[in-house]
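I opened this notebook to record what I looked up in the structure, one topic per entry.

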Amino acid sequence: MDNLNLAFLFLGGVAAFLSIAMLLAKNPIAAALSLLGIMLCTAGLYGMMQEHFIAAIQLVVYAGAVMVLFIFSIMLLNLKKEERDFKFTTPSFMATYTAGIVIFIGIIFQLLVHYDLFKSTMIPGPFNTAEVANLGGNTKVLAHALFSQYYLSFEVISLALLVAIIGAVVLAKRKFD
Amino acid sequence: MATKTVNVSRPYTWQEKFYLFAIVQGLLITLKHFINGFFLRKHNTIMYPEVKREYSNRFRGSHFISVDKNKTENCTACYLCQTVCPAECITIVAGERESSKNPDGVKKEKRPVRFDIDSLRCCFCGFCEEACPKDAIKLSGKYEMAATSRSDTKYDLIYLKREVKGRG
Amino acid sequence: MTLFDFIQMFAKMAVVVGLALSSVPFLVWFERRGSAWMQGRVGPNRVGPFGLLQSVADVLKLFLKESFIPGHVNKFFYLLAPAIALAAPLGALMVIPFGSHAMVMGQKVVLQIAQIDSGLIFLLAFAGLEVYPVILGGWASHNKYTVLGALRGSSQMVSYEIAMGMSILSMLVIYGTFNLQEMVAWQGDSWLGFIPTWGAFINPIGALIFFISIFAETNRLPFDLPEGDAEIVGGYHTEYGAMKFGMFFLAEYVAMVMASALISTLYFGGFNLLPGFGLLVSWVGGYTDGSPDALQNVKAAFEFVSILLKVGFFLFVFVWVRWTLPRFRFDQLMDLGWKVLFPLSFVNLLVVIFMSYFFVS
């Protein structure tokens, strides 16, 4: 087992641990910070795959912007009541819990059947580290892929984001008018 | 005649609104001071315990009682200073003097057995100095009167009879 | 990874981290004496020569103080905040190139810790993490003042990140790369032989906006509202004492070093030799054995000195501005960020895009 695998196990393990911690945390800020930790671990995983650009973007967008807004709004809202009233033994919680476990096992089962994870090796995509470096670094390759091959999907996604922003503004405006 | 109030509204010019010109001006001023301090060593402050600020010789600092050649205090315990003191910080207990003579041969019959000044109550107005007929109590130019205990701030006769340089 | 790679990586980290951390006592000393000089005072001059050991004494005091944790705080996050505060700017420093390359034992050593293709984004990512200590420290302390400081700090930093990002984007359009080494190489030319092609001369408005937002990002006056000692005691670190406060204090200055390194790399030619240093390089190079490796090493050394001088200058400006300008009011700060700098940087970005589209390509 080489260093990369060790790092993968470490980051993946921390991410998995933090996911559970996020679900079980009573304190909303603690949950949000666990999520932040997961983001950081994911960024580390990307970085391990030599995808520095994606790793950095992960940090900028999720850790630097989205999570800050999460924590900011949690701090502004007073969530003391939810924290006090939250119980692990309510029927709705138990139902959600069971459903989640069933779905999780289903996904794992499907993955095992579909990809035959333990038997065959994974088929790598068209890019590997050497080839990406050859083409001028992963930022360049990503930009080329994004703005030529996947141009339409990129524009459609940005349109969807625009719709979401306008929707949020409209909703907020109706409330304050 | 009623006062007439005029509100003069002065709109900001665009230079003022831009704000950066004013910032640069301010930066230049501080740079000037920085250069003065760093290269020319010009400071407006002094290195206090080593260098001391000169005060006017009318400055009223800590008290002392003048003495004659025999180290006998000039005070005759007449209570004038105690009476005039607005802060009531002087306490005198009078007594008879045994056999001490002035250099000019006049016998002082009355003397202060105790002469206490509470320097924390004193307001350094100098009335005691003016009231004294014998020019006994005086205020010196000394302004360092800090003490490490409260009892040190009460000046007794022995302390007051110390030698004081300068104003006297 | 060979042993040589490992050792050179370790040496570079030791140099950068060591310099960043050991510059802090000097910076604190300079902040105090500089402010004294600007205000016509003498400043601390008792401990050591010129009072230089004053900050050593201060640090010693911080270390020896009782490490007290107030009973009402959330312990885990309370202790986590100062650690992040110091880690984020140090992490950001690792992509700053501090020289082209040196030749050690016939092998090329690139003077940059992490040679990441998208180094700038990486740097921004770590700079973005600097919000967390403010939020965490403020929230975990369970104190009104700290929460106020945290709210102010986080909103301020998030707001100014936009203007900062926009001005960086305009530089990206000009340089056409995320790679900081390539950016510095781009700025290596000169016009008419003596005016260097620094980013600040090409994009002065972008440089100005970036410079202003950097002050907000590092919580320095005139934007030190998260601390705001006149209004909210100590801001987000009110409840911190001893070395935990020392960590915040250290982090502020390391962030300053990082910001100065960033602005000198992006806008002021990075490690490119300062005007006139070329002569110095050839003069010193005359004393070596004249091999290309030795000459390259001399050049790398002067490049290192160049970026150090640039960073030092910007550190001086940080102190200089701090003791000149008063603190902004919070609404003024937000007005400046959202109504002035954000539109201005956006317009500047558009102008730069058009210019580079029509004139360069």
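**Confidence in chain A.** I looked up pLDDT, the predictor's confidence in each residue on a scale from 0 to 100. Among the elements of chain A, helix H4 (residues 80-85) has the lowest mean pLDDT, 57, and helix H8 (residues 151-176) has the highest, 86. The average for chain A is 79, and 78% of the residues score at least 70.

**Conventions.** This is a predicted model, in which local features need pLDDT of at least 70, side-chain atom pairs count only at pLDDT 80 or more, and totals for chains, interfaces and linings use all residues. Residues are numbered from 1 along each chain as its sequence is written, while chains are lettered from A and ligands numbered from 1 in the order in which they are written.

**Make-up of chain A.** I took helices (H or I, at least four residues) and strands (E, at least two) as DSSP runs, numbered from the N terminus. Chain A has eight helices and zero strands, giving the pattern α-α-α-α-α-α-α-α along the sequence. Of its 177 residues, 18% are buried, that is, with 20 or more other C-beta atoms, placed from the backbone, within 10 Å of their own. I then looked up contacts, meaning two residues whose C-beta atoms, placed from the backbone, lie within 7 Å. Among contacts in chain A with a separation of 6 or more, 52% join residues 24 or more positions apart.

**Chain pairs.** Which chains share the most contacts? Of the two pairs of chains in contact, it is chains A and C. Chains A and B have no contact, and their closest C-alpha atoms lie 30 Å apart.

**The side of chain C that touches chain A.** I found 16 residues of chain C in contact with 16 residues of chain A. Helices H4 (119-128), H5 (131-140) and H6 (144-175) of chain C each supply at least two residues of this side of chain C; H4(C) gives the most, with five residues. By class, this side has 12 nonpolar residues (Ala, Val, Leu, Ile, Met, Phe, Trp, Tyr, Cys and Pro), one charged residue (from Asp, Glu, Lys and Arg) and three polar residues (the others, Gly among them).

**Sheet in chain B.** Three strands form an open antiparallel sheet in the order E2-E3-E5 (chain B); strands pair if DSSP finds at least two bridges between them. Strands E2 (90-96) and E5 (154-155) of chain B are the edges, each pairing on one side only. Two bridges join strand E3 (residues 110-118) of chain B to E5(B). Asp118(B) stands opposite Lys154(B) in E5(B).

Key. A residue is buried if 20 or more other C-beta atoms lie within 10 Å of its own, exposed if 12 or fewer, and partly exposed in between; C-beta atoms are placed from the backbone.
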